[in-house]
Amino acid sequence: MTTPRTDSPLASPAAPADGPRRELLQSVVDVARAIFGAAASSVFLLDEEADELVFQAVSGEGEEFLVGRRFPAGRGIAGWVATSGEPMVVDDLTAHSSFDRSLAESTAYVPNALMAAPLISDSRILGVLEVLDPSPQARSGLRELDLLAMFARQAAAALRVVTPERAADGTVDAVRALGGAQREDALRLLGSLEQVLRGTG
């Protein structure tokens with residue numbers, strides 16, 4: 001298997017496009033949490049310069065204070081998913097070697113189980129979507145993990161639509177900057193996928 005590249009051209013997580021991107025990512029975590037009956041859901045984006053994963057959106061436990069928190073990109077299950085480009089489901093985190101309990105404790109919520117999938121677009125890893133303590137039915141097999149991975153791929157595609165790229169001099173490329181129609185297209189894409197996933201649940 002070829003490991004997806006992480007040389008993303010996306011603007012950094014602190015880029016000026018935060019408004020539309022934040023709205024999109026909040027929709028992603030809200031929908032993921034609802035679909036999988038989870039206690040919480042999070043999106044981390046990869047900040048390559050700092051080699052860190054950054055909480056960009058949270059639904060459920062921790063949403064009041066976690067956005068903006070950073071941790072090393074290689075730590076925990078989110079780090080493993082970002083590095084490998086592979087989705088993962090863990091039913092019992094107490095017995096899993098990749099689970100970083102101290103990192104979880106620092107977020108004030110320690111899950112018992114989780115599902116995670118990489119946000120990949122054009123073979124580039126943009127970040128990770130995690131679902132914490134999903135319902136037992138949602139983590140019962142590969143089908144549900146495949147659904148999460150599909151949702152993450154569509155979320156990554158929508159994310160690239162709403163995130164302007166930076167030119168070589170560090171300025172935002174106005175030609176690629178988000179227009180209102182593109183923003184609506186991205187949100188409509190996620191809405192359509194939500195209907196598909198709910199219909200197959």
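Guide: Let's start with β2 (52–60), a strand with eight of its nine residues buried, so it is largely enclosed by the rest of the structure. Buried here means under 20% relative accessible area, with exposed over 50% and partly exposed in between, using a 1.4 Å probe and protein chains only. Strands are DSSP E runs of at least two residues and helices are H or I runs of at least four, numbered from the N terminus. Please keep in mind that this is a predicted model, where local features need pLDDT of at least 70 and side-chain atom pairs count only at pLDDT 80 or more, while totals for chains, interfaces and linings use all residues. Residues are numbered from 1 along each chain as its sequence is written, and side-chain values use heavy atoms, leaving out hydrogens and water.

Now for the partners of β2. Eight bridges connect it to β1 in an antiparallel arrangement; two strands count as paired if DSSP finds at least two bridges between them. In this pairing, A57 of β2 stands opposite V43. The two strands make a hairpin with four residues between them, and D51 in the turn has a positive phi of about 55°. β2 also pairs with β3, again in the antiparallel sense, over three bridges, and there E52 has P72 as its bridge partner.

Stepping back, β2 belongs to an open sheet of six strands, ordered β3-β2-β1-β6-β5-β4 with antiparallel pairing. Its edges are β3 (70–72) and β4 (88–90), each pairing on one side only. From one strand to the next the twist averages 25°. Helix α2 (residues 76–84) packs on this sheet and touches β2 along with β1, β3, β4, β5 and β6, its direction making about 145° with that of β6. Such angles run from 0 to 180 degrees between N-to-C directions, with axes fitted to C-alpha atoms, for helices over the stretch in contact.

Terms used: Contact = heavy atoms within 4.5 Å.
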